[in-house]
Amino acid sequence: MQDSTKRHSGVDGALGPRAGFLASVFGGSTGGPDETVPQQFQPGGGGAGGGSTTGTAGGGAPGGAGIDPAVAAHVRAAELTHHRTATVRAEQQRLNELLVRLALPVSAMDFESQRRSYEPRPYPEDGSAEPVEREPRWADFAPPEPVAADPDANVARRLLDSGYQRELAQARLTHQRALRRWRSERASAADPNEAASRLAHEEAEQARARAVQEYNDSLEECRRAYREAEPAAVESLLERALAAAEAATPELPATCRAVFRPLTRTVVLDLDLPPLGLVPSLDGYRLTAEGEISPVPRAPADRAADYLRLVSRLALRALQAADAVDTDGVLSGVVLNGWLREPAPTCLLTVDADRDALARTRLVVDAEPAEEEGEPGVYAAAEQDEALVRLRELGAAVTPDPYARAAVQPCATAGAAVPAVGDLSPGEFVVLVREVLTRGGLGDWSVRLRGRSGLVATGTGAPDSALPGRWVVCASRRPGEVGAGEVRTLAEAVAEESAGHGLWLSTGGFSEEALDLVDTPQFQQIHLADGAGFRSLAETHLGLPLTIGAVI
């Protein structure tokens, strides 16, 4: 009787508030035949004298009324709401941890880190074999040398004593017999298969040593090709480094392909961005006054901020991997485009970084995820995020709204290894113009202004060079002809810089007014070169066929 009372009390205390929910799940009584319905659900309130009735919860069994179906439904809805909200917040926590891991620095995958070393492995001895008897040594058989009692006595004379010589001869004979017996026993006890096994082990070790040496030789050959900027070698090394960085977050595949352009020593990276659905779209769930489970959507700005934080860290990690692997200084710059592939390719992020800018891509983050303050799932605004700030400092163009699929124009596209001038990124165009003119004799190169349509720079040539004196250079690749007003602007810049000459390189052409203007005495210091002249300069000084193509 006492045990039954304890059992009733325990069930009422632990399961009483959830009896309706559990009964609805298990379809009847949740505690067995001895379980009683809580007093608040018994007819007439029920005290000690009211009599407790054993029945089925919510089942309307004879002798007792069931739990109110409305209360049971409300409990079930509350439990389900809590479970769904916990699931959403767990997804948000996983995303937060992923963002922290993406900000960690990448390991260098250069040639030195890929070298292999050979360490010989000893022949595995059989532990069950009996220990081999030690070879007999002469020291174990030699008789003790005579010791003189008188220190002044002649020991050498006693060594010639006949008794000592007989003992010495007998010890030598015993040692020789023991040595012959030891060698005979060892030869008879030797396993005939052991010699073959040892030989096979030695041959396998020699093969391992040869394989390591051949791999290191091929790695050195790849390094030579990389230093000579051969596209296949550069792209192979970069893609291995990018794949190694991607392996740090296997749950987030982000394939990145590389195309190297020796014309400007620039690599174009195409990064596949994760799907938009990776970022949770809900803050949780709530239970309405009517008992309905209603989702609580996140603010669109918060969700977009999370996605931009994610893709900006992926972009910075790819840039860091390219910078870490280029220990020989082959690359002059990196162009990275982030593509959302489905349902149609859309560029959401693009950055054109020169070699000096790549050193500013590392983030400073805590080793552990920071505890969020305020509402769960609400993150910092995208514009204040460190990764996006770093990208914008590099001149990156980032979509304002990824969920609206607002595209940005790529700085450059991964096309041919020798692209047309119009397909170059702004950084590549600067490199091309600089290489053409510096090899033509114009040193002390300084870029004053650059943009998608061209650049303005200054340089100084030696007196005996093809471009002597100080020059102001304007290079453009925009559609349409360069007019007389722009030529006058160049002449004014020449005067302001105290230069002696001005040069305008254009991938297009010049208007008739501009050509007539430079023929006048006031503008004799201005020189013009159209697309054909630009191509000629590139072939002369770079040895590469330059395709002018469609200008932008």
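Where is Arg298 found? In this predicted model, Arg298 sits in the loop that runs between strand 4 (293–297) and helix 9 (300–325). Despite that loop position, the residue is buried, because its relative accessible area is 6% and the cut-off for buried is under 20%.

**The overall picture**

Zooming out, the protein chain has 552 residues, and 38% of them are buried. Its secondary structure comes to 15 helices and 12 strands. If you take the contacts between residues at least 6 apart in sequence, 68% of them join residues at least 24 apart.

In soluble globular proteins, nonpolar side chains tend to be buried together. Here, the largest nonpolar core holds 57 residues, and Leu319 and Leu336 are the ones that touch the most other members. Which helix gives the most to this core? That would be helix 9, with 12 residues. Another core lies apart from it and has 23 residues, including Leu263, Leu437, Ala457 and Leu542.

**Two helix pairs**

Two packed helices are described by the angle between their axes and the distance between the axes. Here are two pairs side by side.

| Helix pair | Angle between axes | Distance between axes |
|---|---|---|
| Helix 3 (residues 69–102) and helix 9 | about 25° | 9 Å |
| Helix 12 (residues 426–439) and helix 15 (residues 531–541) | about 65° | 9 Å |

Start with helix 3 and helix 9. Their angle is about 25°, so helix 3 is roughly parallel to helix 9, as angles under 35 degrees count that way. The crossing of this pair is left-handed. On the helix 3 side, the contact is made by Leu95, Leu98, Leu99 and Leu102. Helix 9 brings Asp306, Arg309, Leu310, Arg313, Leu314 and Arg317 to the contact.

Now for helix 12 and helix 15. With an angle of about 65°, these helices are therefore roughly perpendicular to each other, given that the range for that label is 65 to 115. Helix 12 passes helix 15 in a left-handed crossing. Which residues of helix 12 meet helix 15? They are Phe429, Leu432, Val433, Val436 and Arg439, and their partners in helix 15 are Phe534, Leu537, Ala538 and His541.

Glu112 belongs to helix 4 (residues 111–114). Is Glu112 buried or partly exposed? Glu112 counts as partly exposed because its relative accessibility is 47%, and the label covers values between 20% and 50%. Its side chain is joined to that of Arg223 by a polar contact of 2.7 Å. Val325 is 213 residues away from Glu112 along the chain, yet their C-alpha atoms are separated by 9.9 Å.

Gly443 lies in strand 8 (residues 442–451) and counts as partly exposed too, at 27% relative accessibility. Setting aside its neighbours within four places in sequence, what is Gly443 in contact with? Gly459, Thr460 and Gly461 are its contacts. The C-alpha atoms of Gly443 and Ala462 are separated by 7.8 Å, with the two residues 19 apart along the chain.

Key: Residues numbered from 1 in each chain as written. Predicted model: local features only at pLDDT ≥ 70, side-chain atom pairs only at ≥ 80, totals over all residues. Heavy atoms only, no water. Helix = DSSP H or I, 4+ residues; strand = E, 2+ residues; numbered from the N terminus. Buried < 20%, exposed > 50% of the residue type's maximum accessible area, 1.4 Å probe, protein only. Core = buried A, V, L, I, M, F, W, Y, C linked by side-chain atoms within 4.5 Å. Axes fitted to C-alpha atoms, helices over the stretch in contact; angles between N-to-C directions. Parallel < 35°, antiparallel > 145°, perpendicular 65-115°, else oblique. Left-handed = near helix turned anticlockwise from the far one by under 90°. Contact = heavy atoms within 4.5 Å. Polar contact = N/O pair within 3.5 Å; in protein donor to acceptor, adjacent residues only side chain to side chain.
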